[in-house]
Amino acid sequence: MNDLKDKLNPGHYLELMDRIHIIISTLDDHLIQHPLTKVERTVRNHLYTAVDALYDAYQEVGKLDYERNKT
């Protein structure tokens, strides 16, 4: 695992944040905005849980990037 970590460059952090954003946007556009999701609360709650987890991942990557660059 450390070998892979040594191969990371600063661009990997921004790239992953961008990809997470794309997935969140896709989930919103195609699932959360779907008419069935608007009606079915349990489906909507599951989708919100997924998006919340992705937001947390996005924030974590941003934090890692900040910590890596502040030194």
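Me: Which residues gather in a patch of negative charge on the surface?
Reply: Asp52, Asp56, Glu60 and Glu67 gather there. A patch is built from residues with over 30% relative accessible area and no salt bridge, where like charges are joined within 9 Å and nonpolar side chains (Val, Leu, Ile, Met, Phe, Trp, Tyr) within 5 Å.

Me: What am I looking at, and how are residues numbered?
Reply: This is a predicted model, in which local features need pLDDT of at least 70 and side-chain atom pairs count only at pLDDT 80 or more, while totals for chains, interfaces and linings use all residues. Residues are numbered from 1 along each chain as its sequence is written, and side-chain values use heavy atoms, with hydrogens and water left out.

Me: Which residues count as negative, and where is the charge placed?
Reply: Asp and Glu count as negative and Lys and Arg as positive, whereas His and the chain ends are not counted. The place of a charge is taken as NZ of Lys, CZ of Arg, CG of Asp or CD of Glu.

Me: Where is glutamate 67?
Reply: Glutamate 67 is placed in helix H4, residues 41–69; helices (H or I, at least four residues) and strands (E, at least two) are DSSP runs, numbered from the N terminus. Glutamate 67 is partly exposed, with a relative accessible area of 36%, where buried means under 20%, exposed over 50% and partly exposed in between (1.4 Å probe, protein chains only). Accessible areas come from the Shrake-Rupley method with a 1.4 Å probe, and for residues only the protein chains shown count as cover.

Me: New topic: which residues make up the largest nonpolar core?
Reply: The largest nonpolar core has nine residues, namely Tyr13, Met17, Ile20, Ile24, Leu27, Ile32, Leu47, Val51 and Val61. Helix H2 (10–32) and H4 each supply at least two residues of this core, and the largest share, six residues, comes from H2. Such a core is a set of buried Ala, Val, Leu, Ile, Met, Phe, Trp, Tyr and Cys residues joined through side-chain atoms within 4.5 Å.

Me: How many salt bridges does the structure hold?
Reply: The structure holds one salt bridge, and in it the side chains of glutamate 15 and arginine 19 meet at 3.2 Å, N to O. The term stands for a side-chain nitrogen of Lys or Arg within 4 Å of a carboxyl oxygen of Asp or Glu.

Me: What about histidine 46, buried or exposed?
Reply: Histidine 46 counts as exposed, at 61% relative accessibility, and its place is in helix H4.
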